[in-house]
Amino acid sequence: QVQLVESGGGLVQAGDSLTLSCAASGSTLSLYTMGWFRQAPGKEREFVAGIVRRRPTIYYNDYADSVKGRFTISRDSANTAWLQMNSLKPEDTAVYYCAADRSNSGVIVRRSQSEYEYWGQGTQVTVSS
């Protein structure tokens, strides 16, 4: 089993930056894809960013259009992932979830929730205007 624990959420003002962390523990061998999703009140959970570890030092990432250019996803070889969020907007307010999966998707970053096997409990990000 794999456990994912997010941290780093909080209350910030519009334009501020925040970095979320996701630490994986348990049977973390070969976690191929790690991703971030978010769910705002009254809305469905949506893909934010994902990163695949194709080789030990080769990564591919992908972003939702709404965060492209503002958010950056990264990860290390120990299966910790980060989401650097800059120029935050009130519409970025949501619970952010870390997700991971073992299966090899080549260079494709999965965007669908159903393609991720493991999930964290979520961390709240609130951006005030």
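A salt bridge is taken here as a side-chain nitrogen of Lys or Arg within 4 Å of a carboxyl oxygen of Asp or Glu. The model shown is predicted, so that local features need pLDDT of at least 70 and side-chain atom pairs count only at pLDDT 80 or more, while totals for chains, interfaces and linings use all residues. Residues are numbered from 1 along each chain as its sequence is written, and side-chain values use heavy atoms, with hydrogens and water left out.

View 1. A search of the whole structure finds six salt bridges. One of them joins the side chains of E46 and R38, at 2.7 Å from N to O. R38 has a relative accessible area of 6% and is therefore buried (under 20% counts as buried, over 50% as exposed and values in between as partly exposed, with a 1.4 Å probe and protein chains only), whereas E46, at 36%, counts as partly exposed. R38 and E46 also belong, together with R70 and D92, to a network of salt bridges. In a further salt bridge, the closest N and O atoms of D65 and K68 are 3.3 Å apart; D65 is exposed, with a relative accessible area of 65%, and K68 is partly exposed, at 46%. The side chains of D101 and R110 meet at 3.9 Å, N to O, in a salt bridge, and here D101 is buried at 7% relative accessibility, as is R110 at 10%.

View 2. The structure holds four aromatic pairs, a pair being rings of Phe, Tyr and Trp (its six-membered ring) whose centres lie within 6.5 Å, with planes under 30 degrees apart called stacked, over 60 edge-to-face and the rest tilted. F37 and F47 form an edge-to-face pair, 5.7 Å from centre to centre and with 80 degrees between the planes. Because F37 lies in strand β4 (residues 33-39) and F47 in strand β5 (residues 46-55), this pair ties together parts that are ten residues apart in sequence; strands are DSSP runs of E with at least two residues, numbered from the N terminus. Both F37 and F47 are buried. F37 also pairs edge-to-face with Y116, at 5.2 Å centre to centre and 80 degrees between the planes, and this pair links distant parts of the chain, since Y116 is in the loop between β9 (94-101) and β10 (118-119), 79 residues from F37. Ring pairs link F37, F47, Y116 and W119 into a cluster.

View 3. The charged end of R45 sits over the ring of Y97, 3.8 Å from its centre (NZ of Lys or CZ of Arg within 6 Å of the ring centre and within 35 degrees of the ring normal). R45 also lies over the face of W119, at 4.9 Å from the ring centre. E6, in strand β1 (residues 2-7), is buried yet has no salt bridge, and R45, the nearest side chain of opposite charge, is 7.7 Å away (Lys and Arg count as positive and Asp and Glu as negative, with His and the chain ends not counted). Polar atoms of the E6 side chain lie 2.8 Å from the backbone nitrogen of C98 and 3.1 Å from the backbone nitrogen of Q121.

Key:
Helices (H or I, at least four residues) and strands (E, at least two) are DSSP runs, numbered from the N terminus. A polar contact is a pair of N or O atoms within 3.5 Å; within protein, one must be able to donate a hydrogen and the other to accept it, and residues adjacent in sequence count only if both atoms are side-chain atoms.
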